[in-house]
Amino acid sequence: MNCIFGLRKSEFHFMHDISQYQDFFISYLKKQSIQKEPQNLYAPIEYILGLGGKRIRPVLTLMAAEVFNTSYTKALPAAMAVEVFHNFSLVHDDIMDDAPLRRGQETVHEKWDLNTGILSGDAMLILAYQYFEQYEPNVFRNLAKLFSKTALEVCEGQQWDVDFEKRNDVTIPEYLKMIEYKTAVLVAAAMKMGAIVAETSEKEGDLIYDFGLNLGLAFQLQDDYLDAFGDPETFGKQVGGDIIENKKTYLYLKAREFSSPEKASELEQLFSLQLEDNTDKIATAKTIFNESGASKATQDAIEMYTFKAFETLEKMDINAEKKDILRTFGENLMGRKV
């Protein structure tokens with residue numbers, strides 16, 4: 001099933017399916033040697049990278065390279081950089097959120113300690129950059145430039161996320177900007193990196209970036225929705241975590257917008273509480289989300305951003321079969337339960 005590396009671009013049309021890209025990436029990941037001294041710096045890195053997850057971002061990098069007629073094998077180091085960076089951001093996010101679980105397992109700072117989590121995260125950011133060194137100067141420069149811009153945006157998004165927890169006047173546009181930076185830009189960059197490795201035109205690179213950006217927004221809104229309404233068995237994170245943390249998610253903002261002044265005030269009051277037992281708080285919030293129409297509005301927004309991504313596909317200069325593969329990926333993302 002593997003494609004021959006070294007084919008001229010014009011001859012390369014074949015694409016794999018999502019599960020194959022996942023397999024290719026995982027086998028590449030397993031060959032990476034991260035067992036170095038001091039062990040307490042590198043063991044947490046190996047641990048978080050080994051926790052599984054959907055590997056959506058690296059898969060997108062591999063897929064995008066093949067969309068532009070370049071073998072996925074050439075994109076593996078870039079895909080690895082994306083995955084290492086993504087996991088670095090998770091390690092630090094979990095510290096900031098004081099989260100006990102990640103993908104159903106202990107978080108790094110819980111399993112080791114706070115300082116180890118901070119330092120291992122820092123090392124991961126540097127490791128991510130090292131993977132670009134495997135490319136020739138022009139490709140290296142373009143990858144590093146996009147990566148630096150994206151990494152900074154992710155930090156900005158994270159800071160907005162933290163700021164919003166203390167504010168009661170967060171608007172929907174502000175929230176959408178925050179999730180664009182915190183989540184969507186990395187999905188978009190993962191796709192554009194595949195385009196950069198394939199050395200396609202700037203126009204096509206920008207289009208696949210936009211495709212990824214809209215898909216990333218849909219993905220994060222889906223995450224917000226699943227955080228409240230997901231199945232604990234499949235979701236892998238603490239269901240209701242955003243409610244416990246008083247996060248002003250899209251669900252919350254829409255519920256406040258659609259509710260009567262009394263209900264809105266009740267919701268604001270609910271999201272100012274820090275409780276030992278959050279069972280009732282989660283149940284009450286979910287009832288308000290459903291009754292106000294916020295749950296439906298969130299699902300509508302997920303669909304809208306997914307279809308916006310599909311509109312971008314139509315502008316791309318790739319064959320219909322490749323557009324179908326990308327469309328199917330977006331549809332699967334929209335219907336995910338994890």
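Helix α7 (137–165) gives the most to the lining of the second largest pocket, with 6 residues. The model is a predicted one, in which local features need pLDDT of at least 70 and side-chain atom pairs count only at pLDDT 80 or more, while totals for chains, interfaces and linings use all residues. Residues are numbered from 1 along each chain as its sequence is written, and side-chain values use heavy atoms, with hydrogens and water left out.

**The second largest pocket**

A pocket is an open set of points on a 1 Å grid over the protein atoms alone, with protein on both sides within 12 Å along at least five of seven lines; a cavity is a set of points where a 1.4 Å probe fits but cannot get out, and lining residues have an atom within 4 Å of a point. Grid points are joined across faces, edges and corners, and a volume is the space filled by probe spheres set on the points.

The second largest pocket holds about 360 Å³ of space. Its lining has 15 residues, and those closest to the pocket centre are N142, K192, I196, E202 and D206. At least two lining residues come from each of α7, α8 (172–197) and α9. By class the lining divides into 4 nonpolar, 5 polar and 6 charged residues. In this scheme Ala, Val, Leu, Ile, Met, Phe, Trp, Tyr, Cys and Pro are nonpolar, Asp, Glu, Lys and Arg are charged, and the others, Gly among them, are polar.

**Cavities**

Rolling a probe the size of a water molecule over the atoms shows where empty space is left. The count is 2 cavities of 30 Å³ or more.

The largest cavity is lined by D224, D227, A228, D242, I243, K247, T249, L251, Y252, F271 and F289. Two or more of these residues come from each of α9 (202–229), α11 (241–244) and α12 (250–258). The largest share, 3 residues, belongs to α9.

Around the second largest cavity stand L215, A218, F219, Q222, I302, T306, G330, L333 and M334. The elements that give two or more residues to this lining are α9, α15 (294–315) and α16 (320–334). Here α9 gives the most, with 4 residues.

M191 lies in helix α8. Its relative accessible area is 0%, so M191 is buried; buried means under 20% relative accessible area, exposed over 50%, and partly exposed in between, with a 1.4 Å probe and protein chains only. Leaving out residues up to four places away in sequence, M191 touches L60, A64, I208, F211, G212 and L326, where contact means heavy atoms within 4.5 Å. One of these, G212, is 21 residues from M191 along the chain, and the C-alpha atoms of the two are separated by 6.3 Å.

**Backbone exceptions in loops**

Most residues other than glycine have a negative phi, and most peptide bonds are trans. E37 and P38 are joined by a cis peptide bond with omega of about -5 degrees. P38 is in the loop between α1 (18–31) and α2 (39–49).

N69, which is not a glycine, has a positive phi of about 60 degrees. N69 is in the loop between α3 (56–67) and α4 (72–97), and its relative accessible area of 22% makes it partly exposed. R103 also has a positive phi, near 55 degrees. R103 sits in the loop between β1 (101–102) and β2 (105–106) and counts as partly exposed at 22% relative accessibility.

**The whole chain**

The protein has 16 helices and 2 strands. Its C-alpha trace spans about 65 × 50 × 35 Å along the principal axes. A compact globule of 338 residues would have a radius of gyration near 20 Å, and the protein agrees, with 20 Å. That radius is taken over C-alpha atoms, and the globule rule is 2.2 Å times the number of residues to the power 0.38.

Of the 338 residues, 56% count as buried. Among contacts between residues at least 6 apart in sequence, 74% join residues at least 24 apart. The protein exposes about 15,500 Å², of which carbon and sulfur atoms supply 52%; accessible areas come from the Shrake-Rupley method with a 1.4 Å probe, and for residues only the protein chains shown count as cover.
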